Amino acid sequence: MQIFVDADACPVVAIIEKIAKENSVPVTLLCDTNHVLSSAYSEVVVGAGADAVDYKLISICHKGDIVVSQDYGVAAMALGKGAYAIHQSGKWYTNDNIDQMLMERHLNKKARRSSRKCHIKGPKKRTAEDDERFIQSFEKMLLMAREKEGR
């Protein structure tokens with residue numbers, strides 16, 4: 001098992017690395033050339049071009065791996081390969097919820113295109129509670145993945 005992180009603008013990289021190191025699980029951070037990323041624990045993979053990081057992540061992840069991404073499309077492809085997928089909020093992507101999430105993303109994008117508003121609010125500021133929620137959810141996923149791997 002390995003952890004793959006879509007690390008472009010991912011606020012939980014340090015948390016993931018800490019938990020992975022405690023559990024001796026290798027981590028690969030993937031980012032594009034617009035981001036500078038270094039790590040004492042993780043392997044860092046840098047890609048250039050639109051969606052290059054997403055495609056690289058999906059090409060190297062396998063069944064039973066954990067993928068951390070805020071991109072629903074990446075999560076859907078990871079699930080299709082039998083990997084586990086989690087959002088930086090701690091929400092698990094599953095085969096039961098991914099179709100609805102992709103549809104909502106599509107409808108929101110369509111609504112944004114049809115409206116003449118150019119300003120879109122970004123995400124709200126991350127809190128310690130957000131980090132704690134991610135930690136609990138990520139540790140639970142890691143434990144579940146390890147148990148299934150051991151069978």
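# Helix H3 and its neighbours

In this predicted model, Tyr72, Gly73, Ala75, Ala76 and Leu79 of helix H3 meet Ile98, Met101, Leu102 and Arg105 of helix H4, where contact means heavy atoms within 4.5 Å. By class, this contact of H3 with H4 has seven nonpolar, one polar and one charged residues; Ala, Val, Leu, Ile, Met, Phe, Trp, Tyr, Cys and Pro count as nonpolar, Asp, Glu, Lys and Arg as charged, and the others, Gly among them, as polar. Helices (H or I, at least four residues) and strands (E, at least two) are DSSP runs numbered from the N terminus.

Residues are numbered from 1 along each chain as its sequence is written. Because the model is predicted, local features need pLDDT of at least 70 and side-chain atom pairs count only at pLDDT 80 or more, while totals for chains, interfaces and linings use all residues; side-chain values use heavy atoms, with hydrogens and water left out.

**How the helices pack**

- The axes of H3 (residues 72-80) and H4 (residues 98-114) come within 10 Å and cross at roughly 155°, which makes H3 roughly antiparallel to H4 (angles over 145 degrees count as such, and those under 35 degrees as roughly parallel).
- H2 and H3 pack at an angle of about 15° with their axes 10 Å apart, and the two helices are therefore roughly parallel to each other.
- Asp54, Leu57 and Ile58 in H2 meet Val74, Met77 and Ala78 in H3, a contact that by class has five nonpolar, no polar and one charged residues.

**Surroundings and ends of H3**

- Gly73, Val74, Ala75, Ala78 and Leu79 of H3 are buried, a term for under 20% relative accessible area, with exposed meaning over 50% (1.4 Å probe, protein chains only).
- These buried residues of H3 pack against strand E1 (3-6), helix H2 (52-60), strand E4 (66-68), strand E5 (84-86), strand E6 (92-93) and H4.
- At the start of H3, a side-chain oxygen of Asp71 reaches to within 2.7 Å of the backbone nitrogen of Gly73, whereas H3 is followed by Gly82, whose phi is positive, near 90°.

- Asp32, which lies in strand E2 (residues 27-32), is buried with a relative accessible area of 17%, and Asp32 touches Asp8, Val46, Gly47 and Val53, not counting residues up to four places away in sequence.
- Asp99, which lies in helix H4, is exposed with a relative accessible area of 58%.

Key
Axes fitted to C-alpha atoms, helices over the stretch in contact; angles between N-to-C directions. Parallel < 35°, antiparallel > 145°, perpendicular 65-115°, else oblique. Polar contact = N/O pair within 3.5 Å; in protein donor to acceptor, adjacent residues only side chain to side chain.
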